[in-house]
Amino acid sequence: MYQVYPRSFKDSNGDGIGDLIGINSKLDYIKSLGVDVVWLNPIYTSPNFDNGYDVSDYKNIMKDFGTMADFDNLLKGMHKRGLKLIMDLVVNHSSEKAEWFKQSRSSRTNKYRNYYHWWPAEKGKPTPRWSFFDVNSDAWQYDKPTNSYYLHYFAKQQPDLNWENPLVRQDVYKIMRFWLDKGIDGFRMDAFQYVAKDTTWPAFPTGYELNIQKYYGNGPHLHDYLKEMNREVLSKYDIMSVSEGAGTTPEGALQFVDPARHELNMAYHFEGMGIGLIGGGESHHMNPKGYNLLEFKKVYSTWETGFEKKGWGTIYLGNHDQPRMVSRWGNDSSAFRETSSEMLSTFILTMGGTPYYYAGDELGMTNIRFTNLKDYRDISVINRAQHLKETGGNMAEFIEANKMMARDNGRTPFQWDSTANAGFTVGKPWLKVNLNYIKINVATENKVSTSPLNYFRKLTRLRKENIALVYGKYKLLDKDNKSIYAYTRELNGTRFLILLNFTSKSAKAHTGINLRKASVMIDNCNRLLKGEALQPYEAVVYKL
Ligand code: TEU
Ligand code: CA
């Protein structure tokens, strides 16, 4: 699964914003990577407070991105090349500009009133709820026209839909059918674990926001809604579905993806993304000492074995909500950027489940590390900065933390070549281009056989030609090794050994496996001898 952030992929008309015609013009590139499916972040009509995650018209295309005809052409272009298309379905909330919400807020008796969660102000303030993007982290927004508060887990421009209302669910199913009937191949369901809410609004313990998935995820009836959606929509088409988030444990996630339950096909977890963060996943502060590989191994081993018997997982190290993979999990200094990004790609492509790979990581694109707050476009950073300003918080520390964690690090324009603006646009890009594009770009890397780009192509081929890398049983080796992640994947007597050095020093794995008869299937350090120590950030896959 190759994830394309449409706003930043390729601009066709010089307005500085990536668009559908732009993506269409790059399908041969995408195909050349050896990926099968493309997931597009939201492309529906939106006022763009959260880059399309605030949808105002679910059955139309965002003006910035083009027209419905452009969409139809894009889908055709993908299918012609044997690529599948997955759309982002954003239905935990809509935009405040959606017709449903305009009606809903207009009067207490409007027929769309119960499409959202309202609390009449004469009853006092509702039970506190924490918001991801609100300036004051308050998920209840007072709305004057009807003297009521509405709920928004994300920004106040993103009111939460009321899934407890069957009419809302039926309307969502209609939207899904509209796109499925056009021939798309499935949905990535945004923030889906949050849709169901306990509308008696119980109080949560202090500090619950640091464990938000536990309190907001898996609300009552969530699985009833999924079963209903499966019955009414998903099961009627030959498509796939993946939920963003699925509780906090593999057992919980299995409830989404156990085929016997008839809900979804895949789900992705957040536990990996929280590794090395101080004070929980939403603190946006990376421990300056980095992260602990032993913890990393433990988390990924737990999720890997959680789907051993049934269900199906996913594996990813980056997306549009995260820093660049190499900056967060590898080492983006010039000495190690290429090797460490290749090592991380090797990890993703040799684990079980479906790999989700974020566009640009195949080049080893890095965090941009803005030093000026004005360069940010993400509502999350902008609103947190405003809060700090209002409360006199430590701005210098905030700027520093965002150099690692801000979402815009992963959203800078895709780097095609060494011409102006990395060949992304002939206009002014909506978000600054990372200046390292002069070196890190498709055109340059295409020409070098050992580039991260060409290494990635070898990896996708290796995975496809060796089914054991997809379905094989996973076994962690040398568990206490603080430098190396070592594991085997085995299916019907075919066994692979994967060795990954996560550090900038050479290191030795102690797997007890005799490599005399093993063959090197892929390696990012031009390995000549078998068995000796791994070089910094070396990745090697042996067939045993
Ligand atoms: O993200 C939902 C989510 O759970 C957040 O915690 C996410 O990790 C957060 O953005 C990090 O700061 C989804 C989308 O992927 C994200 O881009 C949207 O902003 C969000 O939903 C609201 O639609
Ligand atoms: Ca454009």
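A residue is called buried when its relative accessible area is under 20%, exposed when it is over 50%, and partly exposed in between (1.4 Å probe, protein chains only). The structure is a predicted model, in which local features need pLDDT of at least 70 and side-chain atom pairs count only at pLDDT 80 or more, while totals for chains, interfaces and linings use all residues. Residues are numbered from 1 along each chain as its sequence is written, chains are lettered from A and ligands numbered from 1 in the order in which they are written, and side-chain values use heavy atoms, with hydrogens and water left out.

**The calcium site**

The calcium ion (ligand 2) has protein donors 2.3 to 2.4 Å away: Asp-11 (OD), Asn-13 (OD1), Asp-15 (OD), Ile-17 (O) and Asp-19 (OD). Donors are N, O and S atoms within 2.8 Å of the metal (3.2 Å for Na, K and Ca); water is not among the atoms, so sites may look incomplete. Along the sequence, the spacing of these donor residues is D-x1-N-x1-D-x1-I-x1-D. Asp-11 counts as buried because its relative accessibility is 6%. Asn-13, at 52%, counts as exposed.

**Ligand 1**

Around ligand 1 there are 17 residues, of which Asp-50, His-93, Asp-190, Asp-321 and Arg-407 come nearest; a residue is near if one of its heavy atoms lies within 4 Å. The shell consists of 6 nonpolar, 3 polar and 8 charged residues. In this grouping Ala, Val, Leu, Ile, Met, Phe, Trp, Tyr, Cys and Pro count as nonpolar, Asp, Glu, Lys and Arg as charged, and the others, Gly among them, as polar. The table gives distances from a polar side-chain atom to an oxygen atom of ligand 1.

| Residue | Distance to ligand 1 oxygen |
|---|---|
| Asp-50 | 2.5 Å |
| His-93 | 2.9 Å |
| Asp-321 | 2.5 Å |

Taken alone, ligand 1 exposes 490 Å², and the protein buries 96% of that (Shrake-Rupley method, 1.4 Å probe).

Key. Polar contact = N/O pair within 3.5 Å; in protein donor to acceptor, adjacent residues only side chain to side chain.
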